[in-house]
Amino acid sequence: MLRVGIAGLGFMGMIHYLSYQKVRGAKVAAICEQTRKRLSGDWRDIKGNFGPAGEQMDLSGIATYDDLDAMLENPEIDMVDITLPPALHADIACKALRKGKHVFCEKPMALKLSDCSRMIAAAQKAKRQLLVGHVLPLLPEYAWARKVIDDGRYGKLLGGSFRRVISDPAWLKHYWKAEVVGGPMLDLHIHDAHLIRLLFGMPIAVSTTGRSRGQLAEYWSTQFRFKKNLAVTATSGTIDQQGRPFDHGFEIHLEKATLLFQFAVIGDDGKYLCPPTLLDHRGKTKSAKMPAGDPMMNAFQAELKAVTESVRAGKKNPLLGGNLARDAIAICQAETKSLLQKKTITIK
Ligand SMILES: NC(=O)c1ccc[n+]([C@@H]2O[C@H](COP(=O)([O-])OP(=O)(O)OC[C@H]3O[C@@H](n4cnc5c(N)ncnc54)[C@H](O)[C@@H]3O)[C@@H](O)[C@H]2O)c1
């Protein structure tokens, strides 16, 4: 049994806690949170942009802490699951690794590349796994696209466009502070940056235009340049109006197929603006069948199952690896630089 200590019981901590209840081979043994009422199970004020509302929980049998260092001393914990604000990821990850714990850390891995490198080095030194929670490739629609691409029957990838735009998340504290969260580039677009890195490899340059808020990107479009002849673009960021808390999608081009998908929450209503659809080279369109249930909750369950299997088997799942997550940060940083400096930025 993989015994997990959750560090930070906010929105994501709650989603992870609920997901672990459905994963065989893992159990939540400890929780550390600085908001004390959550340690007594009162999660009613937790808010996010998907998943169930917070409830009063029964945490009997779970060790609770309001101090991160104290939780790390608990010998009954095998892995620390970090769902803290991004600025805190690197330090707690390195400390946990030094204490001999495995680490699963929510995206973004950290706010600085030097912190990512520090985390990777700490894991290597401790001979423990460091996994980073990039859930997007496991979302049913994205998992479908990856499967079609990997199948090979539709030829090579030619490129794609990716979209992720939300209403300004007024409920998230410090969202627009570069030193705490990093705004929509590192909070939101990091998902597509990671996916683009996964599907197409590392871009050699980016060219980004759009709006900024101070030194943070607010709403933008990026063209990614690769050594290979690929046409890849992404649009991401926030809009000022509330009422569309979530919107994401893609159009992926292969030699013999185009894959389409767009989902949005408008008001309280989550719906496909375009269901996952394959256009083939004979002009036929085929809708893909998606699994039943809440796609986000399904994806987190799949992610934590993959994490549990990775650690228990002692075989790191490459999809959740630190190097890919670090590359995603490097891509995002280059995009912000390109937007602010109004020029193409080469990625070394
Ligand atoms: N994969 C996804 O789709 C997804 C979605 C949302 C958030 N996230 C990520 O999850 C992480 C957390 O985001 P969130 O939305 O849950 O934020 P949140 O603010 O709701 O939760 C963070 C929690 O950490 C607690 N905390 C802060 N400092 C602490 C400390 N020193 N000791 C103990 N507790 C402390 C806060 O009180 C809060 O409850 C971020 O990295 C975010 O990017 C991922």
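Analyst: Start with a hairpin: five residues link β9 to β10. Helices (H or I, at least four residues) and strands (E, at least two) are DSSP runs, numbered from the N terminus. This is a predicted model, in which local features need pLDDT of at least 70, side-chain atom pairs count only at pLDDT 80 or more, and totals for chains, interfaces and linings use all residues. Residues are numbered from 1 along each chain as its sequence is written.

User: How many bridges join β9 to β10, and which way do they run?

Analyst: Strands of a sheet pair through backbone hydrogen bonds, either parallel or antiparallel. Two strands pair if DSSP finds at least two bridges between them. Here β9 and β10 run antiparallel and are joined by six bridges. Trp-220 stands opposite Ser-236 in β10.

User: What joins β8 to β9?

Analyst: Nine bridges do, and these strands run antiparallel. Thr-208 is opposite Thr-222 in β9. The β8 and β9 hairpin has two residues between its strands, and Gly-214 takes a positive phi near 60 degrees there. Strand β8 (residues 205-213) is also joined to β15, by two bridges, again antiparallel. The partner of Ala-205 in β15 is Thr-346.

User: What is the strand order of the sheet?

Analyst: The sheet is open, has nine strands with mixed pairing, and reads β14-β13-β12-β11-β7-β10-β9-β8-β15. Because β14 (285-287) and β15 (345-346) each have a single partner strand, they stand at the edges, and one side of each lacks a neighbour in the sheet.

User: Which helices lie on these strands?

Analyst: Helix α7 (residues 183-200) lies across β7 (157-167), β8, β9 (216-225) and β10 (231-239), and runs at about 160 degrees to β10. Such angles run from 0 to 180 degrees between N-to-C directions, and axes are lines fitted to C-alpha atoms, for helices over the stretch in contact. Helix α9 (residues 322-341) packs on the sheet and touches β8, β9 and β15, its direction making about 65 degrees with that of β8. Contact between two residues means that their C-beta atoms, placed from the backbone, lie within 7 Å.

User: How do I read a pair of helices?

Analyst: Two packed helices are described by the angle between their axes and the distance between the axes. The axes of α4 (residues 89-98) and α5 (residues 113-126) come within 9 Å and cross at roughly 10 degrees. That makes α4 roughly parallel to α5. Angles under 35 degrees count as roughly parallel, over 145 as roughly antiparallel, 65 to 115 as roughly perpendicular and the rest as oblique. Residues in this contact include Ala-93 and Leu-97 of α4 and Met-119 and Ala-122 of α5. By class, the contact of α4 with α5 has eight nonpolar, no polar and three charged residues. Ala, Val, Leu, Ile, Met, Phe, Trp, Tyr, Cys and Pro count as nonpolar, Asp, Glu, Lys and Arg as charged, and the others, Gly among them, as polar.

User: At what angle do α1 and α8 pack?

Analyst: Helix α1 and helix α8 (residues 295-313) pack at about 70 degrees, with axes 9 Å apart. They are therefore roughly perpendicular to each other. Among the contact residues are Ile-15 and Tyr-20 of α1 and Phe-300 and Leu-304 of α8.

User: Which helix gives the most to the shell around the ligand?

Analyst: Helix α1 (residues 11-20) does, with three residues. The shell divides into 10 nonpolar, seven polar and four charged residues.
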